[in-house]
Amino acid sequence: MGRKAYGKKRNWNLIFGSLILGTMALLAVVSLWYTPFDPNAMNGLWKNTAPGLPHLLGTDHFGRDVFSRVMAGSKNTLLIACSVNLASSVIGAAVGVISGYFGGWLDEILMRVNDAVLAFPSVLLALLVISIFGVGMHNLVFAFVILFIPSYARMMRGEVIRMKAMEYIGSAQAIGMGSWRILWKHVLPNARGTYLASVAIGITNAVLAESSMSYLGLGIQPPTASLGRMLAESQGYMMRAPWSALGPGLAILGIALGAGLLSEGIRVKGQGF
Amino acid sequence: MLGTNVTEEQAEAIREELGLNDPVLVRYGNWLKGIVKGDFGVSYQYDKPVAELVASRIPVSLGLVALALLFLLLISIPLGILIGSRLHSVWDTLLMGITQVFQCIPPFFMGILLTLIFGLWFRFFTPGQYCSYEDGIPEFLQCLIWPALAVAIPKVAMVVRFLRNAIAEELDKDYVRTAYAKGLSGMEVMCRHVLKNAMIPVLSVVGVVAADLVAGSLVIEQVFSLPGIGRLLISSISNRDYPVVAVLVVFIAAVVMMTNYVIEALYRAVDPRIRRGG
Amino acid sequence: MKKVRSAVGLLALTLFCSVILCGCGDDKNTGSQASNGNVSSSEPTYGGSVVVGIQQDLDSLDPHKAVAAGTKELLFNVYEGLVKPDPTGDYKPAVASDYTVDDTEYTFTLREGITFHNGNPVTTEDIKYSIDRCAGLLDGSGKEPLVSAFSVIKRVDIVDESVVKIILKEADTELLPFLSAAIIPKNSAEDHSFSGTGPFEEVEWKEQESYTIRKNENYWGDPAYLDEVTFKVVANANTAVAEMQAGSIDIYPYMTDEQAASMDGIYNVLEGNMNLVQALFLNHAEKPLDDKRVRQAICYALNREEINTIVAGGRGHLIGTGLFSGFTKYYQSDLTDYYSHSVEKAKELLKEAGLEDGFDLEITVPSNYQFHVDTAQVMTEQLKQVGIRAKIRQVEWATWLSDVYAGRKYQSTVVGLDSTLAPKDMLAKFYQSSSEKDFVNYSNPEYDELCEKAAATTDDDEKIAYYGEMQKMLTEDAVSAYVMDPPLLVAVNPKLEGYTFYPLYVMDMAKVYYQHS
């Protein structure tokens, strides 16, 4: 549906997505070396000042620069999102490929476990892990990795099964290529587009989940800048200083939206070929 | 539950009483046995039966999720129809764009925004106000409207997108042309034929979304200070009140799975093709 | 199809207009409310109910076992002792109508006609039971007393139906404030059927939600004005402001300075003292905090003025020792600036202690107290400047009580300590090595000796001198990094009057009333 129409048009999703996510990533990377102010430095004379100069997004109730904190917070959020997706996509893809390629009882078992994890509300599972292992960034990453594996596994399995049915795999088998070799040479490269799209949407989900946990006080601990935590703290100053909520809120939105659009863009691009 | 005045012997006695000195597996076994018998244990923190603590909070969370689901359908079905019948129009681009943006707002930030705009600026509602269901169902539901919206809005995009594609697909089919040829109006075709078929895939999406709504509600209770399961769960986690955590996790998981099961059953009932394939 | 589109458009337009209309209408309302608040007519009226926001759930409904200051300050409205503090800090007869003190013998006369909320008259048996329970004398089991100051009590004698004698092991002039411990019906603790004699009686406690009390119609003293008070647990300290701005909370007592500023023109903000000792308490059993130089370095590293400015808007009273400044009779004000902020001195001391590269410090903070969490965040920044890498661990109040206060498993913590109006309740309770509440693990034989001397003497000047010396020792040993007595900023609905500050940590709802409108 509508493939024709998209094919002619510019891939706006891809363009906007890369632009937004790129900007946020740039801000996050730059924050490693430079932020306009120390994101944790407090200043009693500059409490809750409105956006302007020198504080582009204003200051919070400690007189900390919101823009610098948004930069540092985006860095932490993106770091978590990327590491979670890196780990879970590799593990998930492996599970999916094995499950899909070999099928049989192995497939059955893996997919039942998969479904069970998928049916769990995401935050609940993260909460469960935190309640057992305690609050901390490592535990949070661990929880999210478990949480994210199933969707990758399912996606990869689908791709592999789809391709198994295609002719060139059959020919490859006919000329006597081994299973692993076929996987490596033919199946995996062809799943690349879908895989990248999944990673991008995974980043959206990870960002949303991380910010929720930090908002609940179960994620990144203060005074380390975290977008969710900043939102929680800003709630008490909403009338006086709405900017301290808008800054981190828009940053979450930016990263999530950017990654979401990018995912859509990659998907459409893949269909276009 | 141990106060600051407890002595070693008292502590030991309490550990004994709670069975904390038993090996993990024995404790787990006892716990399972209890669950089966309807005994859910006692909260460390409140020294009250877990069942009692949880039961008083279920209506709040259930009401919230149900209302959120209702809003989700009320918003996304008309939108889906509107967009689905005007593929690639300005409406399509605009509304899909907006819903996509909303999709990337975490529910708790949506809650904060709603509180700021409608609670503090326009004063449509009082942030933090909560009426118990015991004091009257209409008032109770009224308190849940905004939290439910905060949970529902970010999920609109997903349902709308599904419905839009489903409707567009249906509209392309022969029977629609036949219907038009019979002289039915656009509205009639939409309501009598297209929607009926397009709702089937949407049903499956609702199943997926239901889990998200539950998860969103857990968090949103914190934003709006609603005394539901989510708040109990989070404070129990922080207080390491494991009997409560365990029961709540099992309960929530069970509810989500049951929802999925019901939806699957509905799905089979509605779509004869699946029934046959099933 | 066209019709549908225009219908949707119309609907959207209508909705949009109604949004604007509603917004306008309500704006006018709030405007008039605010101007009402400025007209002050302070004629008290009886009746009405209020909602008070509180920061934490109650820890126990047992008035003798409640530990949290935040619970005790609520139970103040429900339970009374033989005596009871008034707003000036004097202890006035309550359940007793009269008392005499004779060295080791306190004689109390039961107030005539006084009844519990359950309708039963208070008897001398009930008094004996309550005091015995607090002193650990029930069944002669020799348990640890619930009120540690009661360890001085030898026995309680019932003289007749209206007179009770408390016999002490030795003279103790500081006992009276502790006798504000609740009088409850005999054996009520065993079946959890507590009942008090205060101006309000308990209605219900909904965990994590609220604690409701209503007016005691048969109160022996001045009756309360309000019919009902609901203490509502505000899950997130930050949502409290939103709730007040919208009017669903009438009184909120623990505003941070910045939150108070956002209440301008909506609610009246009253300012008093919390009567707490807020400090970065250091666990002496943890390395490297066992080293006095390290503790002193922390004291020098903290810039208390800056903390005061940032978290309290400069309204707190800085303190330099383990007593709050409102305790004017005993407080050693010259200790306040003993450690004036100096990064150099702090670094020097750390170097002496062999820690020139700094060290890791974990600060445990109860997450429900925004004020302490904020303080800890500012401290983290200040400590960083001398190389101390502080990390904050937020815990729930119950966890704080069990891990930090009772279990002493922590490195450092930011919290505020409250007390009755007896210096012993601060200085001996928290720092005497034999005390169960010495959660900082301070152990100094000289200090312990002073504690005993101070307790033993009946001479006021001598007592002041001993307590002065003890405070000096706490400061010089840098037992903890004392910060301030935080300001108590209470936001009050402008329709309410009569909120009264006490020189100790209580919240008296009996004096609050709605203005005549």
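In this predicted model, C:Val101 stands opposite C:Tyr106, a residue of β6(C). The two strands concerned, β5(C) and β6 (residues 105–110) of chain C, run antiparallel and are joined by six bridges. Helix α3 (residues 124–135) of chain C packs on the sheet, where it touches β6, β7 and β8 (163–168) of chain C, and its direction makes about 175 degrees with that of β7(C).

The sheet as a whole is open and consists of four strands of chain C in the order β5-β6-β8-β7, with antiparallel pairing. At its edges stand β5 (96–102) and β7 (153–160) of chain C, and because each has a single partner strand, one side of each is left without a neighbour in the sheet. From one strand to the next the twist averages 20 degrees. Strands of a sheet pair through backbone hydrogen bonds, in either a parallel or an antiparallel manner.

Chain B has a secondary structure of twelve helices and zero strands. Of its 278 residues, 41% count as buried, and among the contacts in chain B between residues at least 6 apart in sequence, 72% join residues at least 24 apart.

Within chain B, helix α7 (residues 137–171) and helix α9 (residues 186–223) have axes that come within 9 Å and cross at roughly 160 degrees. α7(B) and α9(B) are therefore roughly antiparallel to each other, and their crossing is right-handed. The residues that meet include B:Pro147, B:Val151, B:Met158, B:Phe162 and B:Leu171 on the side of α7(B), and B:Val194, B:Pro201, B:Val205, B:Leu213 and B:Ile220 on the side of α9(B). By class, the residues of the contact of α7(B) with α9(B) divide into 18 nonpolar, three polar and three charged.

α5(A) contributes A:Ser122, A:Leu125, A:Ala126, A:Val129, A:Ile130 and A:Phe133, while the residues from α6(A) include A:Asn139, A:Leu140, A:Phe142 and A:Leu147. The contact of α5(A) with α6(A) has eleven nonpolar, two polar and no charged residues.

Elsewhere in chain A, helix α7 (residues 167–174) has eight residues, of which the number buried is zero, so α7(A) lies largely in the open. Just after α7(A), A:Gly176 takes a positive phi of about 85 degrees.

The contact of chain C with chain A takes 22 residues from chain C and 21 residues from chain A. On the side of chain C that touches chain A, the elements giving two or more residues are α4 (237–245), α5 (257–261), α7 (304–312), α9 (370–384) and β17 (389–395) of chain C. Among these, α4(C) gives the most, with six residues. This side of chain C has seven nonpolar, eleven polar and four charged residues.

Several loop residues of chain C have backbone features that deserve a separate look. Most residues other than glycine have a negative phi, and most peptide bonds are trans. A cis peptide bond joins C:Lys287 and C:Pro288, with omega at about -5 degrees, and C:Pro288 lies in the loop between β14 (277–282) and α6 (292–301) of chain C.

| Residue | Phi | Loop in chain C | Other C-beta atoms within 10 Å |
|---|---|---|---|
| C:Arg408 | about 55 degrees | between α10 (397–406) and β18 (412–417) | 15 |

C:Ser435 is found in the loop between α11 (424–431) and α12 (445–456) of chain C. With 15 other C-beta atoms within 10 Å, C:Ser435 is partly exposed, because a residue is buried only if 20 or more lie within that distance and exposed if 12 or fewer do. Neighbours within four places in sequence aside, C:Ser435 is in contact with C:Ser148, C:Ala428, C:Lys429 and C:Phe430. C:Ser435 and C:Glu452, which are 17 residues apart in sequence, are 12 Å apart in space, C-alpha to C-alpha.

How values were computed:
Residues numbered from 1 in each chain as written. Chains lettered and ligands numbered in written order. Predicted model: local features only at pLDDT ≥ 70, side-chain atom pairs only at ≥ 80, totals over all residues. Contact = placed C-beta atoms within 7 Å. Pairing = 2+ DSSP bridges. Axes fitted to C-alpha atoms, helices over the stretch in contact; angles between N-to-C directions. Parallel < 35°, antiparallel > 145°, perpendicular 65-115°, else oblique. Left-handed = near helix turned anticlockwise from the far one by under 90°. Nonpolar A, V, L, I, M, F, W, Y, C, P; charged D, E, K, R; others polar.
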